[in-house]
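I am opening a new notebook page for a structure that I have not looked at before. I want its elements, then how they pack.

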Amino acid sequence: MVYWDIFIAFFRAGMLGYGGGLSAIPLMHREVVENYKWMNDEDFSDILALANTLPGPINTKMSGYIGWRVAGFWGMMSAVIATVIPTVILMIILLTVLHAFNDKPWVQGMSRAVVPIAGVMLGALTWDFIKKSKNSMGWISTIIVLVISIIIMQILGLHPAILIVGLLVAALFSRQKQKDKQVKAS
């Protein structure tokens with residue numbers, strides 16, 4: 001039964017996540033964290049950060065890892081297949097329709113509407129992560145990290161993957177320092 005649940009969760013996210021891999025992440029979050037409760041927000045955020053640093057499509061990386069974590073090899077296979085099938089189906093259907101009607105205004109409007117919708121979905125997910133980081137780091141630290149990250153990516157032109165790796169390393173050292181302090185205190 002868990003394989004079917006994995007398949008359905010990732011199939012829904014794939015079918016409704018029109019606009020690319022990033023637009024399916026909030027849908028995947030809803031399925032994995034809220035509907036099925038396979039992991040919490042922090043675990044999902046860690047997987048998202050790791051998936052961003054690796055090459056290839058983010059949906060297949062995340063679904064494969066989450067499927068593996070929930071139900072092993074067959075869970076991974078179920079999640080990856082469920083993630084890929086909607087893309088294949090929708091690509092065939094949508095590209096056929098777009099090619100046949102590409103001169104129609106409704107097709108051009110539909111194509112232009114995808115970008116803001118995906119932007120709003122990513123913005124909502126970003127705001128959710130900011131609120132959650134406020135709980136663990138506090139508003140001041142969250143705002144400082146956010147501003148520094150924007151400056152590093154936008155002004156200095158550093159690739160987001162390098163920034164994410166740097167933040168992960170900093171978090172690991174921070175946790176190690178906390179453990180060292182706890183050991184010394186006891």
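My entries on the model follow.

**Entry: ground rules.** I am working with a predicted model, where local features need pLDDT of at least 70, side-chain atom pairs count only at pLDDT 80 or more, and totals for chains, interfaces and linings use all residues. Residues are numbered from 1 along each chain as its sequence is written, and side-chain values use heavy atoms, with hydrogens and water left out.

**Entry: confidence.** I looked up pLDDT, the predictor's confidence in each residue, from 0 to 100. The protein chain has a mean of 85, and 97% of its residues reach 70 or more. Among the elements, helix H1 (residues 2-16) has the highest mean pLDDT, 90. Helix H7 (residues 160-185) has the lowest, 78.

**Entry: elements.** I counted seven helices and zero strands in the protein chain. Both kinds are DSSP runs numbered from the N terminus: helices are H or I with at least four residues, strands are E with at least two. The order from the N terminus reads α-α-α-α-α-α-α. I also noted the box that the C-alpha atoms fill, roughly 70 × 45 × 25 Å along the principal axes.

**Entry: H4.** How far apart are the end C-alpha atoms of helix H4 (residues 58-100)? I find only 30 Å for its 43 residues, short of the 63 Å that a straight helix would reach at 1.5 Å a residue. That expected span is 1.5 Å times one less than the number of residues. H4 has a kink of about 145°, centred on Ala 71. The bend is the angle between axes fitted to the seven residues ending there and the seven starting there.

**Entry: H1 on H4.** I find these two packed at about 40°, their axes 8 Å apart. H1 is therefore oblique to H4 (under 35 degrees is roughly parallel, over 145 roughly antiparallel, 65 to 115 roughly perpendicular, the rest oblique). The contact of H1 with H4 holds 17 nonpolar residues, six polar and no charged. Ala, Val, Leu, Ile, Met, Phe, Trp, Tyr, Cys and Pro count as nonpolar, Asp, Glu, Lys and Arg as charged, and the others, Gly among them, as polar.

**Entry: H3 and its partners.** The axes of helix H3 (residues 41-53) and H4 come within 9 Å and cross at roughly 135°. That makes H3 oblique to H4. Helix H2 (residues 21-35) packs on H3 at about 140°, with axes 10 Å apart. H2 is thus oblique to H3. For these angles, axes are lines fitted to C-alpha atoms, for helices over the stretch in contact, and angles run from 0 to 180 degrees between N-to-C directions.
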